[in-house]
Amino acid sequence: MALPPTEAQQLVRQHKDSAAANILQGKPAEALADYRKVVELSPHDSAARLKVAELLAQLGQRQEAVREFHYLAIRYAAEGQTLHAIAACKLILAIDPEHQETQENLASLIAMQSAEQSTEAAPPEKPAPTPLFSQLPRDVFVALLGMLEVRRVSGGEPIITEGERGHSMFILVQGTVRVVHTPENALPRTLAEIGEGSFFGEMGLISDAPRTATVIATRDCTLLEVTREMLAQLSARFPSLELVVQQFYKDRLLDNLLKSNPVFQPLSDAQKRAIAQRFQSRSVEPGTVLLQQGQRSSALHLLLRGRCSVVHQDPEGSERPYPDMTEGSVFGEISLLLDLRVTATVRAATPCLLLMLDQETVKELVLPHPEVRRALTQLSRERLDRTAALLSDGAEVQGSFLI
């Protein structure tokens with residue numbers, strides 16, 4: 001006979017409290033018994049079922065633990081909770097590295113989910129497809145699944161530290177994190193609070209540029225880590241992966257550019273999407289001149305890969321180097337938008353891959369907006385003043401300077 005809902009909820013709470021106390025006292029068997037009762041009373045309580053699986057593994061009951069994790073992985077995937085499913089699958093592989101059934105079933109479910117979401121809009125309550133993972137071919141995803149690292153971080157600990165060289169991307173399965181940036185000679189400030197399903201640090205997959213912010217766990221977190229080394233190994237086996245990663249990186253850079261650059265901020269989301277579709281890629285060899293001092297820019301440049309050198313030539317003919325343009329840099333936009341001459345020459349210092357927005361697109365989709373014009377005028381004035389002051393004072397040139 002089923003218990004009344006209120007009575008069942010009270011019993012569930014009592015058993016969970018008892019389980020927590022038993023864990024603190026080092027009594028995993030007793031805690032397991034408590035959580036089994038919770039699952040009996042509330043079969044759809046995935047958190048309780050996860051505790052059952054973890055305690056079974058801790059007690060050495062490997063086959064039963066694998067069955068519980070397998071159940072959770074399939075259930076999570078069927079509900080569209082891809083990240084939780086992947087984490088459960090990784091926990092299975094930690095117990096039984098040869099357990100292929102879970103990998104295959106999970107990959108199939110994710111492929112089905114991605115196909116459905118590509119043909120129809122997902123309802124608001126259904127999670128969006130996981131970035132990068134949902135774009136991978138099935139065989140590549142299965143291979144990557146075997147390499148993924150599961151990381152657990154306690155609340156208060158840093159996950160990424162500003163200024164360090166990046167080499168990986170993190171996907172937040174459980175928990176919350178805070179993104180903090182510390183400007184030069186200023187106090188730290190919080191940029192964002194992000195929760196489950198979010199990802200961060202993706203630029204580390206392509207570039208070893210320093211991290212631009214610190215990410216701190218605000219409570220205990222479970223994360224999946226994808227490293228550049230993993231993708232390099234997989235690319236050797238699956239050449240198609242390079243195109244997927246490149247598209248992922250391109251989409252993220254464009255998204256960041258259109259959200260953060262003051263020139264594009266006044267535009268609506270629909271207008272930004274239309275502009276993003278008009279960017280074209282261009283590969284260049286070292287020594288290629290991308291902008292010539294004294295001439296006008298013909299395109300907005302976004303550096304996807306490689307490094308560009310920047311020099312200013314004074315009237316006497318001597319050259320002054322500016323800081324190099326690195327991956328993620330934007331240049332030429334103010335000259336293009338305001339029809340001004342650029343103040344320095346930009347050359348490819350290494351083989352480079354760029355995204356470029358042509359002049360016709362700018363005239364058609366960007367310049368007609370009055371708020372864009374105002375932002376552009378302000379930005380150009382600030383950069384011109386900064387560049388002129390630095391050149392006249394002989395100071396070291398840093399930051400955003402090129403028009």
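Biologist: How many bridges join β11 to strand β14, and in what sense do the two run?

Modeller: This is a predicted model. In it, 2 bridges link β11 with β14 (residues 330–331), and the strands run antiparallel. Pairing requires at least two bridges, so the 2 found here meet the requirement. Leu 302 lies opposite Val 330 of β14.

Biologist: What makes β11 and β16 a pair?

Modeller: β16 (residues 352–358) is joined to β11 over 6 bridges, in the antiparallel sense, where at least two are needed. Ala 299 has Asp 358 in β16 as its bridge partner.

Biologist: Why is β11 described as mostly covered?

Modeller: Of the 7 residues in β11 (residues 299–305), 6 are buried. Buried stands for under 20% relative accessible area.

Biologist: Why does Arg 49 count as buried?

Modeller: Its relative accessibility is 18%. The limit is under 20%, so Arg 49 is buried. Arg 49 sits in helix α3 (residues 46–58). Leaving aside residues up to four places away in sequence, Arg 49 touches Val 39, Pro 43, Glu 68, Tyr 71 and Leu 72.

Biologist: How do you know that α7 meets α8, and which residues take part?

Modeller: Contact means heavy atoms within 4.5 Å. On that basis Val 140, Ala 143, Leu 144 and Met 147 of α7 meet Met 230, Gln 233, Leu 234 and Arg 237 of α8. These contact residues comprise 6 nonpolar, 1 polar and 1 charged. The axes of α7 and α8 are 11 Å apart, at an angle of about 145°, and the crossing is right-handed.

Definitions and conventions
Residues are numbered from 1 along each chain as its sequence is written. This is a predicted model: local features need pLDDT of at least 70, side-chain atom pairs count only at pLDDT 80 or more; totals for chains, interfaces and linings use all residues. Side-chain values use heavy atoms; hydrogens and water are left out. Axes are lines fitted to C-alpha atoms, for helices over the stretch in contact, and angles run from 0 to 180 degrees between N-to-C directions. Helices (H or I, at least four residues) and strands (E, at least two) are DSSP runs, numbered from the N terminus. A crossing is left-handed if the near helix is turned anticlockwise from the far one by less than a right angle, and right-handed if clockwise. Ala, Val, Leu, Ile, Met, Phe, Trp, Tyr, Cys and Pro count as nonpolar, Asp, Glu, Lys and Arg as charged, and the others, Gly among them, as polar. Buried means under 20% relative accessible area, exposed over 50%, partly exposed in between (1.4 Å probe, protein chains only).
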